[in-house]
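Grab a pencil and work through these exercises with the viewer open. Try each task before you read its solution.

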Amino acid sequence: MEEKKEVENNGRIEIKHRSQNLAERIKFVLNSFVSAMDIKLPLDFGVQVWVIFQEAIQIRNNITHPKDKDCLILTKIDIDKVHKSHKWFSEMINDIFSKWQ
């Protein structure tokens, strides 16, 4: 968790904690688990589907916390990204757990 110092309305400095985004936390958890369990499986987050996964998280954020009615409109491309992301993530989790057992 990152710390950020901000000057408050009363003129005092407050330390605020800012959590990382969901994609970065997922990456951290998966890397930590693979490392802690000594699983011999390279996790590649440099692939195009990782970018799509992050876009799917943004789609999720938009419909979960809509700022306006347009955030609730999903296109076929949005749905395809979510499906592709889900498939990739599920396969990665299956790979991790199959190597762990």
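The exercises below go from the whole chain down to single residues.

This is a predicted model, in which local features need pLDDT of at least 70, side-chain atom pairs count only at pLDDT 80 or more, and totals for chains, interfaces and linings use all residues. Residues are numbered from 1 along each chain as its sequence is written, and side-chain values use heavy atoms, with hydrogens and water left out.

**Exercise 1. Overall layout**

Task: work out which elements the protein has and in what order they run, then decide whether the protein is spread out or compact by the globule rule.

Solution: 
- Step one, count the elements. There are three helices and two strands; these are DSSP runs numbered from the N terminus, with helices being H or I of at least four residues and strands E of at least two.
- Step two, read off the order. Starting at the N terminus, you get β-β-α-α-α.
- Step three, check the spread. The radius of gyration is 18 Å, well over the 13 Å that the globule rule gives for 101 residues, so the protein is more spread out than a compact globule. The radius is taken over C-alpha atoms, and the rule is 2.2 Å times the number of residues to the power 0.38.
- Step four, look at the box. Along the principal axes, the C-alpha atoms fill roughly 55 × 40 × 20 Å.

**Exercise 2. Surface and charge**

Task: find what share of the residues is buried, and how far apart the centres of the positive and negative side chains lie.

Solution: 
- Step one, burial. Buried residues account for 21% of the 101; buried means under 20% relative accessible area, exposed over 50%, and partly exposed in between, using a 1.4 Å probe and protein chains only.
- Step two, surface. The accessible surface is about 7900 Å², and carbon and sulfur atoms own 55% of that. Areas come from the Shrake-Rupley method with a 1.4 Å probe.
- Step three, charge. You'll find 16 positive and 15 negative side chains, with the two centres 1 Å apart. Lys and Arg count as positive, Asp and Glu as negative, while His and the chain ends are not counted. Each charge is placed at NZ of Lys, CZ of Arg, CG of Asp or CD of Glu.

**Exercise 3. The core**

Task: name the residues with the most contacts inside the largest nonpolar core, and say which residues Phe-45 touches.

Solution: 
- Step one, the core itself. It holds 15 residues, and those with the most contacts inside it are Leu-30, Leu-43, Phe-45, Trp-88, Met-92 and Ile-96. Such a core is a set of buried Ala, Val, Leu, Ile, Met, Phe, Trp, Tyr and Cys residues joined through side-chain atoms within 4.5 Å.
- Step two, who contributes. Helices α1 (22–36), α2 (48–64) and α3 each supply at least two core residues.
- Step three, Phe-45. Skip residues up to four places away in sequence, and Phe-45 touches Lys-27, Leu-30, Asn-31, Trp-50, Trp-88 and Met-92. Contact here means heavy atoms within 4.5 Å.

**Exercise 4. Ser-85 meets Phe-53**

Solution: 
- Step one, Ser-85. Beyond four places in sequence, Ser-85 contacts Ile-52, Phe-53 and Ala-56.
- Step two, Phe-53. You'll find Phe-53 in α2, and it counts as buried at 9%.

**Exercise 5. Loop residues**

Task: sort Ile-73, Leu-74, Thr-75 and Asp-38 by exposure class.

Solution: 
- Step one, the loop between α2 and α3. Ile-73 lies there and is exposed at 55%.
- Step two, contacts of Leu-74. Not counting residues up to four places away, Leu-74 touches Ile-59, Ile-63 and Ile-79. C-alpha to C-alpha, Leu-74 and Ala-36 are 38 Å apart.
- Step three, the loop between α1 and α2. Asp-38 belongs here and is exposed at 53%. Its phi is near 55°, a positive value in a residue other than glycine.
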